[in-house]
Amino acid sequence: MGKLAITGGKPIRRKPFTAWPAFGQQEARGLQKVLASRNWGGFPFPNKYADAFAQKFARYHGAKYGVAVSNGTIAIEIALKAAGIKPGDEVIVPAYTWEGTVGPILLLNAVPVFVDIDPDTYCLDARLIEAALTPKTRAIMPVHLAMRFADMDEICLIAKAHKLVVIEDCAHAHGGQYKGRGAGSMGGLGTFSFQESKLLTAGEGGIVITNDDMFNQKLHSLVNCGRKEPGYDEFEGFLLGWNYRLGEFQAAVLIAQLEKLDERTKQRAANAAYFGEQLRKIKGLSVIELDKRTTTPGHYQYIFKYDPAGFKGLHRDKFLEALMMEGFMFDGDFYVPLPGRDIFPVTADYYPAIRERYGEAITAKHADDLPVSKKAAFEESVWVHYPYLMGGKELIDEAIEAIKKIQDNVDELL
Ligand SMILES: Cc1ncc(COP(=O)(O)O)c(C=O)c1O
């Protein structure tokens with residue numbers, strides 16, 4: 001029997017973690033009001049709570065318009081449609097993201113072009129974008145991943161030079177600000193998810209924000225079965241749309257959650273800063289440092305980097321197994337490069353536009369030139385999930401204690 005929990009010793013943490021999602025009286029009051037109103041759905045669109053929330057959320061992030069929808073994947077789908085993405089068009093995406101970023105591109109029979117991530121941010125590497133452009137490129141979709149912003153200065157410059165639309169996937173970036181500008185307000189369109197693990201949640205939900213009048217008009221139509229409201233006749237043609245509306249119960253919860261976002265963002269930032277200070281002191285671990293242009297970091301998850309050299313060559317996954325037995329469920333391959341991922345089976349019989357670039361299927365061989373994404377996924381990244389940043393210092397101290405315990409007793413694992 002060893003000292004580590006995985007070799008039979010006592011685990012560091014036995015107590016439960018911060019309960020999630022967090023809620024209070026405000027959410028309960030909002031839900032009761034909607035219940036009593038008997039006005040529960042998303043129609044007439046935009047309905048009362050969904051519209052109030054959408055406008056508030058958009059303003060909070062520095063955008064003129066917001067359109068609430070049923071989830072974050074749909075938000076991306078209608079953002080792409082509003083941007084005019086057509087079959088065969090190419091959209092630049094980071095390879096290291098959730099499949100919800102890329103699925104909607106395929107749904108439109110457009111073509112995702114995977115670009116590697118920047119090792120300093122784990123977001124789309126702006127230095128690699130120009131080489132990936134072709135005459136078919138129409139949009140760039142950076143994802144502000146986990147706790148850092150993509151290089152929006154550079155991405156917006158490239159987009160301007162090549163007349164491309166920028167769609168920011170902000171599923172991880174609620175409340176974040178870059179050079180004083182809110183996440184989602186810097187490109188043409190910004191999308192968010194309110195799925196249960198997100199910083200702001202109603203279980204499910206999403207939103208698109210924009211500063212562009214025409215995008216806003218198209219979005220309204222796309223969410224509401226293609227209906228044109230008075231004054232919406234400026235855009236050409238008829239937009240075929242489905243019912244993608246958000247219900248009033250969810251909107252009421254989101255209004256209450258938005259009130260707390262400031263405070264939660266501060267709490268997470270303080271915890272993340274403290275966590276970083278402690279991690280930097282441990283040999284073999286490093287932190288994805290904050291870019292000076294980030295005015296407010298929106299920490300969805302905390303990611304740090306693991307180097308086996310600090311742990312006598314122990315692979316990250318073995319380290320994570322030991323950490324789990326100490327009571328800390330951190331993740332390594334939370335995301336892996338999308339080409340070849342099990343949950344991403346993309347074949348040309350369903351998505352014919354991919355054929356020219358990828359052949360009959362997008363497979364793991366299409367991840368061959370994505371070394372940074374692969375290293376992050378299979379060797380280096382450690383993802384610390386949301387409840388860990390909602391606890392206090394004590395929780396972080398315990399996590400650090402567990403990490404040090406593994407380092408001090410690593411021989412038990414070799
Ligand atoms: C980066 C990213 N993009 C898009 C989405 C899609 O959001 P949803 O799950 O609300 O459809 C998610 C959600 O998990 C995400 O993490």
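**Close-up views of the model**

**View A. Helices α3 and α4 are oblique to each other.** The model shown is predicted. The two helix axes, those of α3 and α4, approach within 8 Å and cross at roughly 45 degrees. The crossing of α3 and α4 is right-handed. On the α3 side, the residues in contact are Gly 72, Thr 73, Ile 76, Glu 77 and Leu 80. Their counterparts in α4 are Gly 100, Thr 101, Gly 103, Pro 104, Ile 105 and Leu 107. Sorted by class, this contact of α3 with α4 comprises five nonpolar, five polar and one charged residues.

**View B. The ligand is surrounded by 14 residues.** Closest to the ligand are Gly 72, Thr 73, Gly 100, Ala 171 and Ser 193. Helix α3 (72–82) and helix α4 (99–107) each contribute at least two residues to the shell. Gly 72, Thr 73 and Gly 100 also take part in the contact between α3 and α4. By class, the shell around the ligand holds three nonpolar residues, 10 polar ones and one charged.

**View C. Helix α3 also crosses helix α7 (residues 213–223).** The axes of α3 and α7 come within 9 Å, at a crossing angle of roughly 130 degrees. That angle makes α3 oblique to α7. The crossing of α3 past α7 is right-handed. From α3, the contact involves Ile 78, Lys 81 and Ala 82. From α7, it involves Phe 215, Lys 218, Leu 219, Leu 222 and Val 223. The residues of the contact of α3 with α7 comprise six nonpolar, no polar and two charged.

**View D. Helices α1 and α8 are roughly antiparallel to each other.** Helix α1 covers residues 25–37 and helix α8 residues 248–259; their axes come within 8 Å and cross at roughly 155 degrees. An angle over 145 degrees counts as roughly antiparallel, which is why the pair is described in this way. The crossing of α1 and α8 is right-handed. Helix α1 brings Gln 26, Glu 27, Gly 30, Leu 31, Lys 33 and Val 34 to the contact. Helix α8 brings Glu 248, Phe 249, Ala 252, Val 253, Ile 255, Ala 256 and Glu 259. By class, the contact of α1 with α8 has seven nonpolar, two polar and four charged residues.

**View E. The loop between α1 and α2 (48–60) contains Pro 44.** The peptide bond from Phe 43 to Pro 44 is cis, with omega near 0 degrees. A cis peptide bond also runs from Phe 45 to Pro 46, with omega near -10 degrees. Pro 46 lies in the loop between α1 and α2. Arg 38 is likewise placed in the loop between α1 and α2. Although Arg 38 is not a glycine, its phi is positive, at about 55 degrees.

**View F. Strands β10, β12 and β15 form an open antiparallel sheet.** The order of the three strands is β10-β12-β15. At the edges stand β10 (285–287) and β15 (381–384), each pairing on one side only. From one strand to the next, the twist averages 35 degrees. Strand β12 (residues 302–306) pairs with β15 in the antiparallel sense over four bridges. Tyr 302 is placed opposite Val 384 of β15.

**View G. Strands β7, β6 and β11 form an open sheet of three strands.** The strand order is β7-β6-β11, and the pairing is antiparallel. Strands β7 (181–182) and β11 (294–296) each have a single partner strand, so one side of each has no neighbour in the sheet. Strand β6 (residues 177–178) runs antiparallel to β7 and is joined to it by two bridges. Opposite Tyr 178 stands Arg 181 in β7.

Technical notes
Residues numbered from 1 in each chain as written. Predicted model: local features only at pLDDT ≥ 70, side-chain atom pairs only at ≥ 80, totals over all residues. Near = placed C-beta within 6 Å. Nonpolar A, V, L, I, M, F, W, Y, C, P; charged D, E, K, R; others polar. Axes fitted to C-alpha atoms, helices over the stretch in contact; angles between N-to-C directions. Parallel < 35°, antiparallel > 145°, perpendicular 65-115°, else oblique. Left-handed = near helix turned anticlockwise from the far one by under 90°. Contact = placed C-beta atoms within 7 Å. Pairing = 2+ DSSP bridges.
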